[in-house]
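The entries follow in the order I made them.

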Amino acid sequence: KLKVTMVAWDRYDATVITAVNNFLLKVWNSSTGQLLQSLSGHDDEVFVLEAHPFDQRIVLSAGHDGNIFVWDIDKGTKIRNYFNMIEGQGHGAVFDCKFSPDGQHFACTDSHGHLLLFGFGCNKYYEKIPDQMFFHTDYRPLIRDANNYVLDEQTQQAPHLMPPPFLVDVDGNPHPTRFQRLVPGRENCKDEQLIPQLGYVANGDGEVVEQVIGQQTNDQDESILDGMIRELQREQDLRLINEGETLPNPPLN
């Protein structure tokens, strides 16, 4: 039995595009229900359909086969195709795609945690940033308080009230300070408020070895990175308390 896996309208609601689990895309007249086009190219289920932000002829599709297609639905033809092959791991299923507001670029995410950026122009701007970028808080444990609200386990703060996170690689090693300033809220931080990349510690054999600071631990088995976050949280709390003391008293009703 055929099932529809995704539905999208074009920008002006003139057509409706459906993805079916036989891997075909169908384009329908939204007023009459007439079938206008049947688009073939995918060989696995499609869960991404995105209409271009202003050109009603263009639709993007992507699916679990790793294919990303840009279609001209007026002509029923492919404009571009990209196959998301990952070296040594086969293809990566594409889970989501979105156009930029100007329609000149689109971004996709896949099953292997990659962000794929497509568009016009030069890619030198993107070559300046590391291949692996995670927030150090991405996998930090959460707890719930007595009111069932979510809190960060380490700082006991609501995640959205915590200081801006640090950028790390896939192993949790912090990136240099020039990358830390890419995080909103850290643009004007002093160097000492950002993560040093490398340090030197003594290992169990008495040798001094180079090690990423974020991986070092103190006597309480807390990493230097966690210690800095705790200190930043304390400074932020003090600042909020001081600001609260200077605020005028609210008017009485």
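Which residues make the nonpolar surface patch of about 710 Å²? I listed Leu115, Leu117, Tyr125, Tyr126, Ile129, Met133 and Leu182. I then looked up which elements give two or more residues to the patch, and found β13 and α1 (124-127). I noted that the model is predicted.

**Methionine 133**

I picked one patch member, methionine 133. I found methionine 133 in the loop between α1 and β14 (134-135). Its relative accessible area is 35%, so I logged methionine 133 as partly exposed.

**Whole chain**

I stepped back to the totals. I counted 3 helices and 19 strands in the chain. Of the 253 residues, 36% are buried. Next I took the contacts with a separation of 6 or more: 36% of them join residues 24 or more positions apart.

**Strand β12**

Which residues of β12 are on the covered face, and which on the uncovered one? For this strand, residues 105-110, I put Phe106, Cys108 and Asp110 on the covered face. His105, Ala107 and Thr109 are on the uncovered face.

I checked the pairing on both sides. Strand β11 (residues 94-99) runs antiparallel to β12, and 5 bridges join them. Cysteine 97 has cysteine 108 as its bridge partner in β12. The hairpin of β11 and β12 has 5 residues between the strands, and I read a positive phi near 75° for glycine 103 there.

β12 is also joined by 5 bridges to β13 (residues 115-119), again as an antiparallel pair. Here alanine 107 has leucine 117 of β13 as its bridge partner. The hairpin of β12 and β13 has 4 residues between the strands. In its turn, glycine 113 has a positive phi of about 85°.

**Cysteine 108**

Is cysteine 108 buried or exposed? I logged cysteine 108 as buried, because its relative accessible area is 0%. I listed its contacts, leaving aside neighbours within four places in sequence: Ile68, Val94, Asp96, Cys97, His114, Leu115, Leu116 and Phe118. I also took one C-alpha separation, from cysteine 108 to phenylalanine 118, and got 8.4 Å. These two residues are 10 residues apart along the chain.

**Threonine 18**

I moved to strand β2 (residues 15-20), where threonine 18 lies. Its relative accessibility is 10%, so threonine 18 counts as buried. Which side chain makes a polar contact with the side chain of threonine 18? I found the side chain of tryptophan 28, at 3.0 Å. Not counting residues up to four places away in sequence, threonine 18 touches Val4, Met6, Val7, Leu24, Leu25, Lys26, Trp28 and Leu49.

I looked up two loop residues on either side of β2 in the listing. Aspartate 13 lies in the loop between β1 (4-9) and β2. I read a positive phi of about 60° for aspartate 13, although it is not a glycine. At 47% relative accessibility, I logged aspartate 13 as partly exposed.

Phenylalanine 23 lies in the loop between β2 and β3 (25-29). Its phi is near 75°, also positive in a residue other than glycine. I logged phenylalanine 23 as partly exposed, at 28% relative accessibility.

How values were computed. Residues are numbered from 1 along each chain as its sequence is written. This is a predicted model: local features need pLDDT of at least 70, side-chain atom pairs count only at pLDDT 80 or more; totals for chains, interfaces and linings use all residues. Side-chain values use heavy atoms; hydrogens and water are left out. Buried means under 20% relative accessible area, exposed over 50%, partly exposed in between (1.4 Å probe, protein chains only). Two strands pair if DSSP finds at least two bridges between them. A polar contact is a pair of N or O atoms within 3.5 Å; within protein, one must be able to donate a hydrogen and the other to accept it, and residues adjacent in sequence count only if both atoms are side-chain atoms. Contact means heavy atoms within 4.5 Å. Patches are made of residues with over 30% relative accessible area and no salt bridge: like charges are joined within 9 Å, nonpolar side chains (Val, Leu, Ile, Met, Phe, Trp, Tyr) within 5 Å. Accessible areas come from the Shrake-Rupley method with a 1.4 Å probe; for residues, only the protein chains shown count as cover. A salt bridge is a side-chain nitrogen of Lys or Arg within 4 Å of a carboxyl oxygen of Asp or Glu.
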